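Thanks for coming. I will go through the sheets of one model, so please keep the picture in view while I talk.

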Amino acid sequence: MILIVDDSPENIISLQKVLEKNGFEVDTAASGEEALKKILQKSYVLIILDVQMPDMDGFEVAEAIRGYSKAKETAIIFLSAATADVQLITRGYSSGALDYISKPVDINILLLKVQTFYRIYEQSRELKDIQAKLLDEIEFRKEAERKKDEFISIASHELNTPVTSVKGYLQLLERSIDKQDMEVTKSRLQKARNQVDKLQILISDLLDISKVESGKLQFNKKFFVFDEMLDRVLEIMQPNNPQIKLIKNGAVKAKIFADEMRMEQVIVNFISNAQKYAHESEEIHVNSEVRGDQLYFSVKDFGIGMPEEHQKNIFKKFYRVEETAERFQGFGIGLYICYEIIERHNGTIGVNSIPGKGSEFYFYLPLQPEQEKN
Ligand code: ADP
């Protein structure tokens with residue numbers, strides 16, 4: 001928007017008409033004081049400023065707005081008497097672009113100057129936008145790099161832990177075999193196997209994440225009874241932590257159209273997280289029911305919970321709640337993969353959680369998939 005400042009209403013009206021006819025938005029002020037008030041409230045691309053005005057002249061107005069942050073980028077065209085000294089006009093004014101036109105105003109020249117200032121303004125705005133985008137991109141990449149480094153260090157640590165345990169159990173196995181103690185041998189074999197299972201889950205999570213990244217996470221969807229699959233998962237998951245009872249509420253006997261193994265993976269993830277982050281509680285509730293035309297599934301625990309600010313980030317790659325990350329081992333990718341799986345089944349995933357009280361992780365899946373998208 002352009003601000004015309006002139007004490008003569010005729011001048012203002014004629015300039016305003018020409019500028020508006022050429023597509024510019026125009027505001028006006030009849031004195032220096034009025035101009036200052038307006039500049040404080042609005043941002044102008046250009047101010048056309050009459051030099052000779054009673055009370056406050058054009059130079060004084062220019063001088064005064066030098067310090068206004070709103071007018072930092074504003075260009076000024078002075079309208080001066082033909083005899084005015086150019087030096088005087090540019091005196092002391094260094095911020096923003098500056099130009100002058102002698103009176104009587106040649107309207108064509110004024111238009112040319114206005115158009116040039118507008119072009120410069122547009123270009124500098126575009127440059128600023130590009131600069132801001134580049135800065136965002138740099139920040140984003142720096143953060144991604146930092147997360148990658150952090151991930152590599154966590155991943156090596158996480159992978160190393162079960163390998164070290166397996167090595168230890170193998171050494172112990174040698175001893176118990178030497179002693180021909182079959183009972184102890186069997187129990188150590190079982191422990192070694194548990195560690196290998198852990199390792200396998202970690203590695204398949206890692207493989208999944210690279211598949212998600214390259215868009216190669218495949219789904220093998222077919223119809224299956226949700227409840228039967230859930231019972232199987234509960235049977236496997238209960239012995240992992242016998243102290244915490246898995247309590248099943250509701251049942252969805254309907255057949256759903258989904259990738260059964262991937263659904264199992266989501267449920268296993270919810271339950272093993274509950275077992276991990278609510279390890280001191282006695283129960284975990286596993287709920288499923290039909291809600292409208294959707295299947296609702298949730299795992300509710302009574303563990304550490306998490307503050308609200310983390311809840312929207314928890315499904316992002318490598319995201320872990322800082323305070324819990326120190327106490328519990330993990331990669332921060334399980335929920336990210338769950339999110340991808342549920343999204344690719346056209347469902348929604350989420351969490352409700354209260355710090356110190358517990359969390360409820362849930363998903364909704366359409367019971368009647370309208371169209372197979374994958
Ligand atoms: P991981 O458990 O390996 O760190 P996840 O992606 O499964 O990775 O979980 C991401 C983060 O979400 C965890 O680090 C933890 O901070 C938080 N979280 C997940 N499940 C729960 C839960 N049931 N209770 C509290 N916090 C949880």
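Which residue in strand 9 is the bridge partner of Leu246? It is Ile284. Before I go on, this is a predicted model: local features need pLDDT of at least 70, side-chain atom pairs count only at pLDDT 80 or more, and totals for chains, interfaces and linings use all residues. Residues are numbered from 1 along each chain as its sequence is written.

Some terms. Helices (H or I, at least four residues) and strands (E, at least two) are DSSP runs, numbered from the N terminus. Two strands pair if DSSP finds at least two bridges between them.

Strand 7 and strand 9, residues 283-291, run parallel and are joined by five bridges. They belong to an open sheet of five strands, in the order 7-9-10-12-11, with mixed pairing. Strand 7 (245-249) and strand 11 (348-354) are the edge strands, and each pairs on one side only. Helix 8, residues 260-277, packs on this sheet and touches strands 7, 9, 10 and 12. Contact here means that the C-beta atoms of two residues, placed from the backbone, lie within 7 Å. The direction of helix 8 makes about 150° with that of strand 9. Axes are lines fitted to C-alpha atoms, for helices over the stretch in contact, and angles run from 0 to 180 degrees between N-to-C directions.

Five strands form an open sheet in the order 2-1-3-4-5, and the pairing is parallel. Its edge strands are strand 2 (26-29) and strand 5 (98-102). Strand 1, residues 2-5, pairs with strand 2 over four bridges, and Leu3 stands opposite Asp27.
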